[in-house]
Amino acid sequence: TATHQPYRTGYHFQPAKHWINDPNGPMIYKGIYHFFYQYNPHGAVWGNIVWAHATSTDLVNWVHYEPAIKPSIESDIKGCWSGSTTILPGGKPAILYTGIDPKKRQVQNLAFPKDLSDPYLREWIKPPQNPVMTPIDNGINVSSFRDPTTAWMAPDGQWRVIIGSKIDRLGKAILYKSKDFFKWELVDHPLHSSKNTGMWECPDFFPVSVNKGVGLDTSVNGPNVKHVMKVSLDDKKDEYYTIGTYNLEKDIYVPDEGSIDDDSGLRYDYGKFYASKTFFDSSKNRRILWGWINESDSVTDDVKKGWSGVQAIPRNIWLDKAGKQLVQWPVTEIEKLRKTPVELQSTQLNGGSLLEVTGVTASQVDVEVSFNLPTLEKAENLNPSGVNPQILCSQKGASVKGSVGPFGLLALASKGLEEQTAIFFRVFKDKERFVVLMCSDQSRSSEGPEVDKTTYGAFLDVNLHQETLSLRSLIDHSIVESFGGKGKVCITSRAYPELAIFKKAHLYVFNNGTENISISKLSAWSMEKAKIVQ
Ligand code: DQQ
């Protein structure tokens with residue numbers, strides 16, 4: 001019963017039970033969104049991987065079908081791992097995915113819908129040409145060759161696709177090309193590679209529009225187009241992206257100067273978010289990002305609760321005006337689940353104060369707040385300059401008093417505040433500049449043992465003289481998905497409160513700095529449950 005499942009989500013995507021991981025092959029076909037994901041039909045731990053399948057008309061409510069792809073041929077008999085969909089001319093979807101062969105080698109396979117007149121694409125067939133790419137003849141490491149992207153067509157009329165790989169510690173995106181989508185030829189150089197990053201899982205490569213904020217079909221290139229390369233680093237289980245240029249003459253991707261590949265680079269999400277993948281939604285001219293949120297409790301607890309893994313709310317993703325980073329925002333459809341809002345306008349939040357947001361179901365809520373900061377003179381000095389933001393957040397958690405901040409939200413909080421997940425800002429002075437730190441502090445998120453309570457953080461690029469500082473958090477029982485500065489920094493965290501569950505969860509706004517600030521506006525909506533038909 002529900003009381004035994006305080007951590008199941010109300011409006012995030014999750015199946016009835018068992019293990020889930022990477023989002024696979026998202027697309028829209030005949031007005032219907034398709035979502036596939038890595039799934040173990042037999043248990044709450046990773047294994048026996050198939051492609052589970054669900055469809056939706058709004059990216060909020062879902063209907064499940066039988067798994068679309070499961071082991072059935074020699075080249076996928078040991079597992080159907082991650083991959084992507086490409087819409088071929090004429091509108092026919094093609095899936096490229098990694099299969100594990102009897103010798104545990106990673107190879108790439110194709111799958112097509114059996115019946116294109118069925119908008120739900122319930123059955124998928126594998127052509128006899130499989131596998132269409134193998135590591136064996138090409139000297140590629142057989143256990144580091146996986147996760148094909150959506151293919152794009154270059155002006156020479158040939159398809160291109162990249163596959164994640166590595167040689168020793170050199171992470172790389174192996175490039176293939178094809179005239180007919182069946183016969184794939186290895187290109188003699190990778191699309192991109194980067195030293196000392198280890199295995200690149202689930203690469204993603206796509207164009208973004210400069211200035212327009214709209215999404216682009218994956219094959220688009222030309223003026224006013226930049227490209228994004230995202231990789232999921234197996235060693236760290238974190239993702240990084242760069243913004244750069246796709247040089248068609250050389251068939252290589254070149255990151256912009258200052259756009260860094262390694263672990264000091266930019267991330268979609270500075271918390272729990274992995275193996276993500278985008279697709280172009282041609283019905284609304286937007287690019288949508290899916291990402292897997294894994295658990296931070298123990299494997300024993302996963303087995304006990306009978307499930308593991310959730311998908312993040314799909315996010316619209318586009319290039320920020322300044323062109324130096326991406327911006328993400330939950331798809332607007334999720335707002336359909338909002339009930340009547342509770343609102344606060346121009347409310348003083350003096351140093352050291354705490355304000356409860358009442359009248360909402362705090363365990364299942366969407367909250368947006370913006371702050372006015374009248375005085376910045378007293379901001380603490382950033383010391384040392386160049387400090388890692390995540391480390392700074394763990395040293396200066398929500399309970400460490402400051403001057404301008406920490407201020408923000410206490411989510412999934414118990415009445416006595418024994419438990420709380422704090423999402424907050426803290427303003428520093430770095431020479432002549434003001435620097436905003438955004439943190440998600442899980443250190444007090446649960447009284448339970450054996451929970452990973454790592455604190456996350458990042459610097460937020462906002463001009464405090466021109467903009468108010470805003471925060472939105474999607475709180476859903478064991479998930480807190482936060483968007484700072486209108487989506488410039490995203491942090492997703494897990495919390496497993498023991499006290500602050502269901503009706504015993506509370507939501508607060510707090511200011512633990514000495515400087516007074518004010519809330520310019522706060523809106524909080526209890527969220528309806530999404531319908532997920534299993
Ligand atoms: N998960 C899949 C792989 C991928 C990894 C296997 C990333 O294809 O590299 O379930 O989480």
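**Pro131 has its place in the loop between β8 (124-125) and β9 (145-146)**. Helices (H or I, at least four residues) and strands (E, at least two) are DSSP runs numbered from the N terminus. The model is predicted, and local features need pLDDT of at least 70, side-chain atom pairs count only at pLDDT 80 or more, while totals for chains, interfaces and linings use all residues. Residues are numbered from 1 along each chain as its sequence is written. The peptide bond that leads from Asn130 to Pro131 is cis, with omega near -5°.

**Gly405 and Pro406 are joined by a cis peptide bond**. For this bond omega is about 5°, and Pro406 itself is placed in the loop between α2 (389-395) and β29 (407-413).

**The shell around the ligand includes Asn21, Asp22, Gln38, Ile49, Trp81 and Ser82**. Also part of the shell are Thr98, Arg146, Asp147, Glu201, Cys202 and Ala275, where a residue is counted if its C-beta atom, placed from the backbone, lies within 6 Å of the molecule. Strands β1 (18-29), β5 (80-88) and β15 (200-209) are the elements that each give two or more residues to this shell. By residue class, the shell divides into four nonpolar, four polar and four charged residues; Ala, Val, Leu, Ile, Met, Phe, Trp, Tyr, Cys and Pro count as nonpolar, Asp, Glu, Lys and Arg as charged, and the others, Gly among them, as polar.

**Ala275, one of the residues around the ligand****, has a positive phi of about 55° although it is not a glycine**. Ala275 belongs to strand β19 (residues 274-281), and Ala275 is classed as buried because 23 other C-beta atoms lie within 10 Å. The classes are set by the number of other C-beta atoms, placed from the backbone, within 10 Å of a residue's own: 20 or more for buried, 12 or fewer for exposed, and partly exposed in between.

**Asn48 also has a positive phi, about 50°, although it is not a glycine**. The loop that holds Asn48 runs between β2 (32-40) and β3 (50-56), and Asn48 counts as partly exposed because it has 17 C-beta neighbours inside 10 Å.

**Lys114 lies in the loop between β7 (106-113) and β8**. Lys114 is exposed, since 11 other C-beta atoms are found within 10 Å. Not counting residues up to four places away in sequence, Lys114 touches Glu123, Trp124 and Ile125, where contact requires C-beta atoms, placed from the backbone, to lie within 7 Å. From Lys114 to Pro207 the separation is 93 residues in sequence and 30 Å in space, C-alpha to C-alpha.

**Glu257 lies in the loop between β18 (252-255) and β19**. Glu257 counts as exposed because it has 7 C-beta neighbours inside 10 Å. Although Glu257 and Gly244 are 13 residues apart along the chain, their C-alpha atoms are separated by 8.3 Å.

**Lys529 is found in the loop between β37 (517-527) and β38 (532-533)**. With 11 other C-beta atoms within 10 Å, Lys529 is exposed. Leaving aside neighbours within four places in sequence, Lys529 is in contact with Gly10 and Tyr11, whereas Ser264, which is 265 residues away in sequence, is 38 Å away in space, C-alpha to C-alpha.

**The chain is assigned to domain 1 (2-7 + 20-330) and domain 2 (339-528)**. These bounds come from an automatic or database domain assignment. The C-alpha centres of the domains lie 32 Å apart, and their contact takes 22 residues from domain 1 and 26 residues from domain 2. On the side of domain 1 that touches domain 2, strand β24 (residues 326-330) supplies the largest share, four residues. That side of domain 1 divides into twelve nonpolar, five polar and five charged residues. The unreviewed UniProt entry annotates residues 333-526 as "domain: Glycosyl hydrolase family 32 C-terminal", given here in the numbering of this model and with a shortened feature name, and such annotations may be inferred rather than shown by experiment. Over residues 333-526 the chain is 4% helix and 48% strand, with the end C-alpha atoms 15 Å apart.

**The largest nonpolar core has 149 residues**. Such a core is a set of buried Ala, Val, Leu, Ile, Met, Phe, Trp, Tyr and Cys residues joined through C-beta atoms within 7 Å. The residues with the most contacts inside this core are Ile69, Val365, Leu409, Ala411, Val436, Leu437 and Leu507, and the core draws at least three residues from each of domain 1 and domain 2. Ala411, leaving aside its neighbours within four places in sequence, is in contact with Thr421, Ile423, Ser473, Ile475, Val480 and Leu507.

Conventions: Contact = placed C-beta atoms within 7 Å.
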